[in-house]
Amino acid sequence: MWSPRQSERSIGRIVIAHPSEGERYYLRILLSKIRCPKSYDDLKIFNGLKVDTFRESALLRGYLMDDNSQQLCLQEASVFHMPYELQRLFATILVYTCPNNPRQLWSSFEDMMLEDLVKSNKYTHREARKRALQQVDFFLQSIGKQLHDFDVLPIDFSYNDLQDETRDIRAEKSIVVSEADLRAIENLNEKQRLAFNEIIGRVNHHKVTLL
């Protein structure tokens with residue numbers, strides 16, 4: 001004989017979260033897998049070990065796949081792509097495939113992404129790393145993200161270390177000026193050259209003229 005269901009307090013559905021949402025996504029995974037957690041801290045404890053993030057907890061529990069596919073993608077690309085292109089690919093992987101261990105992924109391919117900077121002999125290894133990370137951050141900003149949205153930075157780095165220049169300044173500095181453009185001054189007529197010299201002189205001496 002059918003009898004009415006007794007009214008009880010229960011959670012019927014957990015709000016959907018996308019992997020790009022970071023900790024919110026990993027929290028949802030834990031809530032859907034762990035029975036009767038008592039607190040957020042309880043979700044971060046596994047076999048007596050307490051971790052700092054929900055992502056680490058989910059990874060320890062085996063709820064996440066490893067990053068082999070991203071590793072293979074970068075490994076294959078490193079054979080025929082320039083470091084600049086690898087940096088762009090790395091940023092794309094961060095946003096659209098959400099690797100479980102971004103810092104380890106960066107560490108595995110860091111040397112390849114710094115190769116041109118290191119070989120130029122203009123930078124120390126730390127400076128080369130900083131510039132490469134700034135470039136990755138630039139790519140991320142172009143698609144609405146930032147480097148601090150991901151657990152990428154090496155332990156001895158902070159996000160503030162990368163903020164000595166704005167995105168716009170880095171974009172301007174990345175522009176490659178052709179030899180023809182550099183030699184264009186030779187084609188100026190007398191009046192153009194006078195105007196050019198006046199403007200450059202004021203720029204170099206930080207003079208401001210109010211018109």
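Helices (H or I, at least four residues) and strands (E, at least two) are DSSP runs, numbered from the N terminus. I am working from a predicted model, where local features need pLDDT of at least 70, side-chain atom pairs count only at pLDDT 80 or more, and totals for chains, interfaces and linings use all residues. Residues are numbered from 1 along each chain as its sequence is written, and side-chain values use heavy atoms, with hydrogens and water left out.

Entry on phi. Most residues other than glycine have a negative phi. I looked up asparagine 121, which has a positive phi of about 60°. I found asparagine 121 in the loop between H6 and helix H7 (125-142). Asparagine 121 counts as exposed, at 69% relative accessibility (buried is under 20% relative accessible area, exposed over 50%, partly exposed in between; 1.4 Å probe, protein chains only). Cysteine 36 also is not a glycine and has a positive phi, about 55°. I placed cysteine 36 in the loop between helix H1 (23-33) and helix H2 (40-43).

Entry on cysteines. I searched the whole structure for disulfides (pairs of cysteine sulfur atoms within 2.5 Å) and got zero. Cysteine 36 is exposed at 64% relative accessibility, and cysteine 73 is partly exposed with a relative accessible area of 34%.

Entry on helices. I checked helix H5 (residues 83-96) against helix H6 (residues 102-119): their axes come within 8 Å and cross at roughly 160° (axes are lines fitted to C-alpha atoms, for helices over the stretch in contact, and angles run from 0 to 180 degrees between N-to-C directions). H5 and H6 are therefore roughly antiparallel (over 145 degrees; under 35 is roughly parallel, 65 to 115 roughly perpendicular, the rest oblique).
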